[in-house]
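Here is a short briefing for a reader who has not seen this structure before. The sequence and the model come first, and the points follow by topic.

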Amino acid sequence: MAHGYKAVTWTPFKKRFDAWMLAGVAVYLTGFSAASSLATTDGESFTPVQMLIRATGTLAFLMLTFILCIGPMARLTPRFKPLLYNRRHLGVTTFLIALVHAGLVTLWYHGFSDINPIVSLLVSNPRYDSISGFPFESLGLIALLILFLMAATSHDFWNANLGPGLWKAVHMSVYGAYVLLVAHVALGAIQFEKHPAYVVLLASGAAIVTALQLYSAFFASGPDAKTRPTDGWLEVGSAADIPDSRAIILEPEGAERIAVFRNGNKVHAVSNVCRHQGGPLGEGRIIDGCITCPWHGFQYRPEDGRSPEPFTERISTYETQIRDGIIYVNPRPLAPGTPVTPSLIEEAVR
Amino acid sequence: MKRAHRTAHRSIWIIAAPLLVCVLIAALACRQETPLNDTLPGVAVAEAH
């Protein structure tokens, strides 16, 4: 959690995750090749390289589709949260598979050209005014460059040095990469592959990602309450409405969201934005006395918004008070790491 | 997520969703029954048919 460079620590869970992921990649590539061989009709023939081009291409598309489903799915069911923790491993692997696909395509179809294979890839088809003959390779190449940028900056070293805001902005370009990838497949493989499985795969993948992302953008990420201050304080609601170790998220008008946590009979209010990657702290819970981010497990003490030693992250805290069983929050954020005395819930309310 | 990122996420998908639909419809509508390869001479294509 510190901002200095730290080598990636391979926890047993991460090792198991990566082993399953690599096994899945191997099974897919083998299975795809076997299934394609069986489905090949008379008169068709594919070399092992062409088979691998198709296998890596479809796998990269499926993996990126799956990656973009993880975030919204983690909001729907906690079962997806372990995947959220290691989403970057999937992302880097997707880039490597896409790189193999691009390398094989370039060498197989342009390696014998008189000019540089990459130049040949880009200039051999100038039909930008056509849909069915569009040079779809250029779309795939741009998507690959975006995936490279994300894979290269995926380590927390870059997150700390670029800052969570810029890092997040860079990594949101994955949505652009996905649109380019769908266009790459739609204007490429779909134009000359006649097997309906390709169309079904592309259309269903794009539809699922779009539906989940729209759901996440417009319905799942809303605050529990949008409030305007009365006499300078925001009304949160009854203390009894907050489950123990959980939070209610408030959205003050024109300001960042506030997470109001209940920890036993104490009420704490902190910024809803995790210092790591901007995760929604209010969707997490208090574990071992610390507010724990649902995205990557960063922790903060509820009483002062500081990460436990030896970590150094700090988030803003807010003053709270309870009047007649109703919790109020002062919407003015205190400096990150400022200790605040918690409000106490009376026995009758609990 | 910060406010700015939530807004950016919504804006991106307001544009990306219809764009994806348009790309898929256009690609499927323009799909040739028989794949064409303009680099092949017409005789070779006719022979293949």
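pLDDT is the predictor's confidence in each residue, on a scale from 0 to 100. For chain B the mean pLDDT is 78, and 63% of its residues reach 70 or more. The model as a whole scores ipTM 0.76 and pTM 0.79. This is a predicted model, in which local features need pLDDT of at least 70 and side-chain atom pairs count only at pLDDT 80 or more, while totals for chains, interfaces and linings use all residues. Residues are numbered from 1 along each chain as its sequence is written, chains are lettered from A and ligands numbered from 1 in the order in which they are written, and side-chain values use heavy atoms, with hydrogens and water left out.

**Chain A overall**

- Along the principal axes, the C-alpha atoms of chain A fill a box of roughly 80 × 35 × 35 Å.
- Chain A has 350 residues, and 47% of them count as buried (buried is under 20% relative accessible area, exposed over 50%, partly exposed in between, with a 1.4 Å probe and protein chains only).
- Of the contacts in chain A between residues at least 6 apart in sequence, 57% join residues at least 24 apart; a contact means heavy atoms within 4.5 Å.

**The two domains of chain A**

- Domain 1 covers 12–218 and domain 2 covers 224–349, with bounds from an automatic or database domain assignment.
- The centres of domain 1 and domain 2 of chain A, taken over C-alpha atoms, are 39 Å apart.
- Ten residues of domain 1 of chain A touch ten residues of domain 2 of chain A.
- Between them, domain 1 and domain 2 of chain A bury about 980 Å², and carbon and sulfur atoms give 44% of it; buried area is the accessible area (1.4 Å probe) that two parts lose on being put together, summed over both.
- On the side of domain 1 of chain A, Arg75(A), Tyr85(A) and Pro164(A) lose the most area to domain 2, together 42% of what that side buries.

**Chain A against chain B**

- In this interface, 41 residues of chain A are in contact with 26 residues of chain B.
- The two chains, A and B, bury about 3000 Å² between them, with 69% of it on carbon and sulfur atoms.

**Aromatic rings**

- Over all chains, a search of the whole structure finds nine aromatic pairs; rings of Phe, Tyr and Trp (its six-membered ring) pair if their centres lie within 6.5 Å, and planes under 30 degrees apart count as stacked, over 60 as edge-to-face and the rest as tilted.
- Phe95(A) and Phe148(A) make a tilted pair, 5.7 Å centre to centre with 50 degrees between the planes.
- This pair links distant parts of the chain, 53 residues apart: Phe95(A) is in helix H4 (residues 87–110) and Phe148(A) in helix H6 (residues 136–152) of chain A.
- Phe95(A) is buried at 10% relative accessible area, whereas Phe148(A) is partly exposed at 45%.

**Backbone in the loops**

- The peptide bond from Glu309(A) to Pro310(A) is cis, with omega near 5 degrees.
- Pro310(A) sits in the loop between strand E8 (299–300) and strand E9 (317–318) of chain A.
- Asp324(A) is not a glycine, yet has a positive phi of about 55 degrees.
- Asp324(A) belongs to the loop between strand E10 (320–323) and strand E11 (326–329) of chain A, and is exposed at 80% relative accessibility.

Notes. Helix = DSSP H or I, 4+ residues; strand = E, 2+ residues; numbered from the N terminus.
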